[in-house]
Each structure stands twice: as C-alpha cells, then as structure tokens.
Amino acid sequence: MLEELLRLAHVIGATVLLGTGAGIAFFMVMARRTESPTLIAHVAGTVVIADTIFTATAAIVQPITGYCLARIIGWPVTEGWVWLSLLLYVFVGLFWLPVVWIQIRLRDIARVSAANGSALPPQWFSLYRIWFACGFPAFFAVIAIIWLMLTKPDISFGII
C-alpha cells in the first residue's frame, strides 16, 4: 500500500512539474504577445504564484518520493536510469532557479510600466528572451526524466 501511495505521489509530482511548466510558458507567451504592461503584470504575477505553490512543492516532493520508492522497491540510486534521472533533475533546477528570478523581474518591470502608462522597456524584452530560452532545455529534460521513469532502460556509465 505504501509503495502504491508513493508511486501515485511521484507521478502526480511529475505531472505537476510538466503541466505547470507548460501552462506557465503558454500563458506568459500569450501575455507577451499583447505587449500590454497591465495584462503582462497580471499574468506574470499569477505565474510567480503558480510557480511558488505548484512547481516548488512538486520539486521538493519529487526527490523525497523517488528516494522512498527506490528504497522500498530495492532500486539502487546508482542504477543508470536513476542516476541519469537525478542528473537531469539537477539540470532542470539549474534552469528553473534563474527562471523564477526572471519571472519576478518581468512582473515587477511590467507593474512599473503599467503604473506609469508606458511601454515595456528594452530590459523587459531582454529578460523575456532569456526566460523563453531557458524553458526549452528544462522542458525537454523533464520529458526525458518521465521517459526514464516509465521505461527504466538499462544504462551503464561504466563509472558507477
């Protein structure tokens, strides 16, 4: 019973990470297309909240449930697919942490522009391009992690 509950929590966490990431990206891209500082400030504010509530929570739960599952089932953490999943998880985190900071900056800059009734400054568009570019490697790494979890391929690195 514990194994099934851990699997469920782990799958839900993976789904939340993938779904929230894709949803956040979609809504930010759609808001950016309007070039409306007021709308962008609102959407970016919602994105920051969603990332805090959903992504951060799932990011904490994933390694805990994954470790507990590995212990219960008997998978060594040094098994190739587990090790690669963990490596990719760290890779995703290295992109996600700056993205969170960028989202907060995008929100704040848009709020100032909305309050002043001015257009978004060039700095906003520069940060947005970085934010957008960071999403692709993180998104595909999450897809790869999910694939590894589902297929559990026999991977040998020869160093573990």
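Biologist: Leaving aside its neighbours within four places in sequence, which residues is aspartate 51 in contact with?

Modeller: Keep in mind that this is a predicted model. In it, aspartate 51 touches Ile24, Ala56, Trp96, Val100 and Gln103, once the neighbours within four places in sequence are set aside.

Biologist: And where does aspartate 51 sit?

Modeller: Look in helix α2, which covers residues 37–73.

Biologist: What about its charge: how far away is the nearest side chain of opposite charge?

Modeller: That side chain belongs to arginine 107, and it is 11 Å away. A salt bridge needs the charged atoms within 4 Å. Aspartate 51 has no salt bridge, yet it is buried.

Biologist: Which side chain joins aspartate 51 in a polar contact?

Modeller: Threonine 55 does, with 2.6 Å between the two side chains in that contact.

Biologist: Let's move to the rings. What describes a pair of aromatic rings?

Modeller: Two things: the distance of the centres and the angle of the planes.

Biologist: How many aromatic pairs are there by this rule?

Modeller: The count comes to nine. Take phenylalanine 26 and phenylalanine 27: their ring centres are 5.2 Å apart and their planes stand at 75 degrees, so this pair is edge-to-face.

Biologist: Is phenylalanine 26 buried or partly exposed?

Modeller: Partly exposed, because its relative accessible area is 47% and that class runs between 20% and 50%.

Biologist: What kind of pair do phenylalanine 139 and phenylalanine 140 make?

Modeller: Here the centres lie 5.4 Å apart with the planes at 75 degrees, so they too are edge-to-face. Phenylalanine 139 is partly exposed at 34% relative accessible area, whereas phenylalanine 140, at 51%, counts as exposed.

Biologist: Which residues form one aromatic cluster?

Modeller: Trp124, Phe125, Tyr128, Trp131, Phe132 and Phe136 do. One of them, tyrosine 128, has arginine 32 over its face, 5.7 Å from the ring centre.

Biologist: And what lies over the face of tryptophan 81?

Modeller: Lysine 152, at 5.5 Å from the ring centre.

Biologist: One last spot. Where is glycine 23 found?

Modeller: In helix α1, residues 2–34. Glycine 23 is partly exposed, with a relative accessible area of 22%; buried would need a value under 20%.

Biologist: How far apart are the C-alpha atoms of glycine 23 and valine 47?

Modeller: They are separated by 8.9 Å, although the two residues are 24 residues apart along the chain.

Note on methods:
Residues are numbered from 1 along each chain as its sequence is written. This is a predicted model: local features need pLDDT of at least 70, side-chain atom pairs count only at pLDDT 80 or more; totals for chains, interfaces and linings use all residues. Side-chain values use heavy atoms; hydrogens and water are left out. Helices (H or I, at least four residues) and strands (E, at least two) are DSSP runs, numbered from the N terminus. Buried means under 20% relative accessible area, exposed over 50%, partly exposed in between (1.4 Å probe, protein chains only). Lys and Arg count as positive and Asp and Glu as negative; His and the chain ends are not counted. A polar contact is a pair of N or O atoms within 3.5 Å; within protein, one must be able to donate a hydrogen and the other to accept it, and residues adjacent in sequence count only if both atoms are side-chain atoms. Contact means heavy atoms within 4.5 Å. Rings of Phe, Tyr and Trp (its six-membered ring) pair if their centres lie within 6.5 Å; planes under 30 degrees apart count as stacked, over 60 as edge-to-face and the rest as tilted. A charge sits over a ring if NZ of Lys or CZ of Arg is within 6 Å of the ring centre and within 35 degrees of the ring normal.
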